[in-house]
Amino acid sequence: MEVDRADGRNPNQLRPLACSCSILHRAHGSASWSQGDTKVLAAVYGPKAGTKKNENPEKASIEVIWKPRTGQIGKPEKEYEIILKRTLQSICILTINPNTTTSVIIQVVHDDGALLPCAINAACAALVDAGIPMKHLAVAICCCSAESGYCILDPTKLEEQKMKAFAYLVFPNSILSVLPEGSSLVQGEPMEHGIITSVTHGAMSVDDYFHCLERGRAASAKLSDFLRRSLQSKLPGDLSKAG
Amino acid sequence: MDLRLANMWRLTMNEKKFIKTALTSGIRIDGRNPYEYRKLSIKFGREDGSSEVQLGQTHVMGFVTGQLVQPYRDQANEGTLSIYTEFSLMANPSFEPGRLGEFAVELGRIVDRGLRESRAVDTESLCVLAGKLVWAILIDLHILDNGGNLVDAANIAALAALLTYRRPECSLGGEDGLEV
């Protein structure tokens, strides 16, 4: 089903992606991720001693601070912080540095739709830049579902507001395997088929949701490639970078 | 990655002494002359009223927004200008989130005083309806990276953001104010 999008993309097309790492000097790791006009800056400070009161001291904990573009921190920002924290906790290896806190600070530079996925991608790249041990990377994508049931990917702010419902989906990074057997199997299914986080707004039918999931998963392969390429380009010479 | 944990970094006595003795003989640790400035670059964002300033390693972003509010009683025909500076952990690992440190307040005051005393913003032109509606300009300064000399960088960021800010048009219809 053809649909006209304001900027001429087709329903499965993502906006141009850009990622740059190591832009801040004080932070241990930093990355800036932009999808079209939405731009987010993430900074990571490596393990600090001590955890907060209600955190488990036997594991490392992750603290997320979300800074909006203008204005004070309010409820939507707190919600984003919690979602981001849960997502990052499931991809980082928490047993390596117990009783420490790793801080991730997200600064919104410009918001033009799909803000949370952009922030998750930026946070992931910043964690890699800082050298925090992780099980695998995560890629996040936003899918919208409209009245007639078709779904579009990576909406702009105007599109997001017009749509009936949208979902932010986070998938694990697709694995580039060196073994001929292919990716490792988790409970009998390849790992790419898992999902880390799903946040939905609005009302959509179950079929629509599964449809969005499929489309999102297909597009996440493209995002994974992009993430891998931009992170790989800084690997070889950077072994001497100390914290 | 270094074994030093992020919140335990301190300047050692040796380093402090070295910097002081070097300064007395006119040498700075990055090789500049005493009166030399670092490279300054100002970039503007896509929207009106956003700027990004880089002074060497110091990185500051400024955003300007405006809102229609009721004016103060004693300044019924002038708009207001307010600065909000927030130091986050991003700039410096020793900042605690949520608590506004002394330096952040001082920085906000310095920028505020500078813009207000020099009449950089004509507050009378911000008036829409005397006594009822005026524009309140809010400048948000985000310190991204603290590489020293935040006062200069913050001032430049605030000015640059103000220069690109365009006030929305509003026209009065009947007795109520309508925004366009």
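B:L40 is partly exposed because its relative accessibility is 36%, where buried denotes under 20% relative accessible area, exposed over 50% and partly exposed the range in between (1.4 Å probe, protein chains only). The residue belongs to strand 1 (residues 40-44) of chain B; strands (E, at least two residues) and helices (H or I, at least four) are DSSP runs numbered from the N terminus. The model is a predicted one, in which local features need pLDDT of at least 70 and side-chain atom pairs count only at pLDDT 80 or more, whereas totals for chains, interfaces and linings use all residues. Residues are numbered from 1 along each chain as its sequence is written, chains are lettered from A and ligands numbered from 1 in the order in which they are written, and side-chain values use heavy atoms, without hydrogens or water.

In chain A, strand 5 (residues 100-110) is largely enclosed by the rest of the structure, because eleven of its eleven residues are buried. Strand 5 of chain A runs antiparallel to strand 3 (residues 38-49), to which nine bridges join it, and parallel to strand 4 (residues 61-67), with seven bridges; pairing requires at least two DSSP bridges between two strands. A:T101 in strand 5 stands opposite A:K48 and is also the bridge partner of A:S61.

The loop between strand 5 and helix 2 (115-130) of chain A contains A:A114, which is buried at 0% relative accessibility. Beyond its neighbours within four places in sequence, A:A114 is in contact (heavy atoms within 4.5 Å) with residues including A:R15, A:D154 and A:Y168. The C-alpha atoms of A:A114 and A:Y168 are 7.8 Å apart, although 54 residues separate the two along the chain.

Seven salt bridges are found over all chains, each defined as a side-chain nitrogen of Lys or Arg within 4 Å of a carboxyl oxygen of Asp or Glu. One of them joins A:D112 and A:R15 (3.8 Å, N to O). A:D112 lies in the loop between strand 5 and helix 2 of chain A and A:R15 in the segment before strand 1 (17-21), so the pair ties together parts 97 residues apart in sequence. A:D112 is buried at 18% relative accessibility, as is A:R15 at 5%. A network of salt bridges links A:R15, A:D112 and A:D154.

Another salt bridge joins B:R46 to A:D37 (3.1 Å, N to O). This pair crosses between chains; B:R46 is exposed at 66% relative accessibility, whereas A:D37 is partly exposed at 25%.
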